[in-house]
Amino acid sequence: MRVVFLAPLYPPEMIEYTRGLAEVGAEVYGVGDTPREALPARVKTYLHDYLQVPRIMAEEDVMDRVSAWLRGRSIDRVLANWEPLVILAARLRERWGMPGMSVDAVRGFRDKQLMKERVAAAGLRVPKSRRALTERDVRAAAEELGYPLIVKPIAGAGSADTYKAESPAELDVIIAKMRGVGEASCEEYIDGEEFTFDTVCIEGKPAYENVAAYLPKPLEMRSLEWVSPVIITVRDLLQPRLQGGIELGRKVLGALGMGTGFTHMEWFLTPKGEAVFGEIGCRPGGAHIVDQMNYTSDIDLFREWARVSCHGTFKADATRRYNAGIVFKRARGQGRITRIDGLDEFVKLAGDCLVEEQLLRPGTPRRNWKHTLLSDGHVLVRHPQYSEAHRLSFAAATDITMYAE
Ligand SMILES: Nc1ncnc2c1ncn2[C@@H]1O[C@H](COP(=O)(O)OP(=O)(O)OP(=O)(O)O)[C@@H](O)[C@H]1O
Ligand SMILES: [Mg+2]
């Protein structure tokens, strides 16, 4: 089994998928813009070969270079788990006549307006929305959809440039901020709680499912620096309040023609109990959610994804044993981390329930919390009872304080 895997070491968790592929017996042909000489030893051991390209986002150029590189060798799969590269992987599959999702199917997971149109056409509940190319389109959408209004890039990720406008005056400010964005999606604001629905699919059917709760919703995580964002995987997927979202998620996979691989969907649970579609990607979620899923069941989804992608089987026992909560911290002040307060006490409180602690150490420069949810590091806890996982997560959120200067 020969697999072309795009960006095998960036973002860093891609190294784990590269490992997974090697562990299920694939010969991995990595393609990325990291210089060959800079490949860390732990990635090299999993790579059969590697092609360095000048710019991984330059689709035409990458397609030409990869085709020339692999001429004469038969390739079985082209895979990518990083959002900006899922279309490129599909274009390579089409060029080489390879199995896997088509460009058209992948576009349904990448273009937020097309996605909602396809999901709505299947009779599922999506926020009302309009595609906007110009300022005038945005104002026309606001007239039609009313306030609050969500405005975001069509091909967005990381809640970058996603805004909520409560009034025409706020919309003016947002329009000014979004001058660099080519195409926007304007949406009806959906009130309620927000969850994920994650899967590993075989030909569109989930071999694995997960739901995680966002506390608070990502828009607030990304706009309020003082918040310590918490995400908790839910152990009990059979509870009634989640059924609407899980059923919605399964139907969305059908509506969009999902093939084989990871999906990461976001959905809203309104105060009336209705599940409303948010968005979906045909790739794993970021910000350690795959680690959280692994901690939920003591499994290795990096490897299971590889097995599914190469051999069409899922082997792990995914019995859900824990609720796994991750808490991202943001230091007070700018510059370098100087001090972490409350950590020793938290470590004592959490005991065996603390499974990871990766807060940035004093002396390390702060990360840009607007650019990455990882912020200044995280702690990860787990507990068989949701209420306990929730209590420990919020103890970390409120009782650990990081400082920088
Ligand atoms: N129609 C909506 N109603 C209410 N909230 C919304 C709506 N659309 C987006 N949001 C909020 O904004 C967040 C970011 O939007 P979205 O997920 O579409 O963008 P994104 O850039 O892909 O973000 P991420 O990469 O963080 O998932 C959502 O998680 C949600 O909290
Ligand atoms: Mg999102």
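**Ground rules.** I number residues from 1 along each chain as its sequence is written, and I letter chains from A and number ligands from 1 in the order in which they are written. The model is predicted, and I kept local features at pLDDT of at least 70 and side-chain atom pairs at pLDDT 80 or more, with totals for chains, interfaces and linings using all residues, and side-chain values using heavy atoms without hydrogens or water.

I looked up which protein atoms hold the magnesium ion (ligand 2), taking as donors N, O and S atoms within 2.8 Å of the metal (3.2 Å for Na, K and Ca). I found Glu266 (OE) and Glu279 (OE), lying 1.8 to 2.0 Å from the ion. Glutamate 266 is in strand 12 (residues 261-269) and glutamate 279 in strand 13 (residues 275-281), 13 residues apart. My helices (H or I, at least four residues) and strands (E, at least two) are DSSP runs, numbered from the N terminus. I note that water is not among the atoms, so sites may look incomplete. I also checked burial, where buried means under 20% relative accessible area, exposed over 50% and partly exposed in between (1.4 Å probe, protein chains only). Glutamate 266 comes out buried at 13%.

**Cysteines.** I searched for disulfides, meaning a pair of cysteine sulfur atoms within 2.5 Å, and got zero. Cysteine 186 is buried at 0%, and cysteine 353 is buried as well, at 18%.

**Second largest pocket.** I worked on a 1 Å grid over the protein atoms alone, where a pocket is an open set of points with protein on both sides within 12 Å along at least five of seven lines, and lining residues have an atom within 4 Å of a point. A volume is the space filled by probe spheres set on the points, which are joined across faces, edges and corners. This pocket holds about 410 Å³. I count 27 lining residues, with Leu79, Arg93, Gly100, Met101 and Thr260 nearest the centre. Strand 4 (77-79), helix 4 (86-96), strand 12 and helix 12 (301-311) each give two or more residues to the lining. Helix 12 gives the most, with five. By class, I get 15 nonpolar, eight polar and four charged residues. I counted Ala, Val, Leu, Ile, Met, Phe, Trp, Tyr, Cys and Pro as nonpolar, Asp, Glu, Lys and Arg as charged, and the others, Gly among them, as polar.

**Cavity.** A cavity is a set of points where a 1.4 Å probe fits but cannot get out. I found one of 30 Å³ or more, and the largest cavity has about 40 Å³ of space. Ten residues line this cavity, and Glu279 is among those nearest its centre, with Glu83, Phe109, Lys112 and Met115. Strand 13 supplies the largest share of the lining, three residues. The lining has five charged, three nonpolar and two polar residues.

**Aromatic pairs.** I paired rings of Phe, Tyr and Trp (its six-membered ring) if their centres lie within 6.5 Å; planes under 30 degrees apart are stacked, over 60 edge-to-face and the rest tilted. I got eight pairs in the whole structure. Tyrosine 10 and tryptophan 82 are edge-to-face, 5.3 Å centre to centre with 85° between the planes. Tyrosine 17 and phenylalanine 262 are edge-to-face too, at 6.1 Å and 85°. Tyrosine 17 sits in helix 1 and phenylalanine 262 in strand 12, 245 residues apart. Tyrosine 17 is buried at 1%, and phenylalanine 262 is buried at 2%. Ring pairs link Phe5, Tyr17, Phe262, Phe302 and Trp305 into a cluster.
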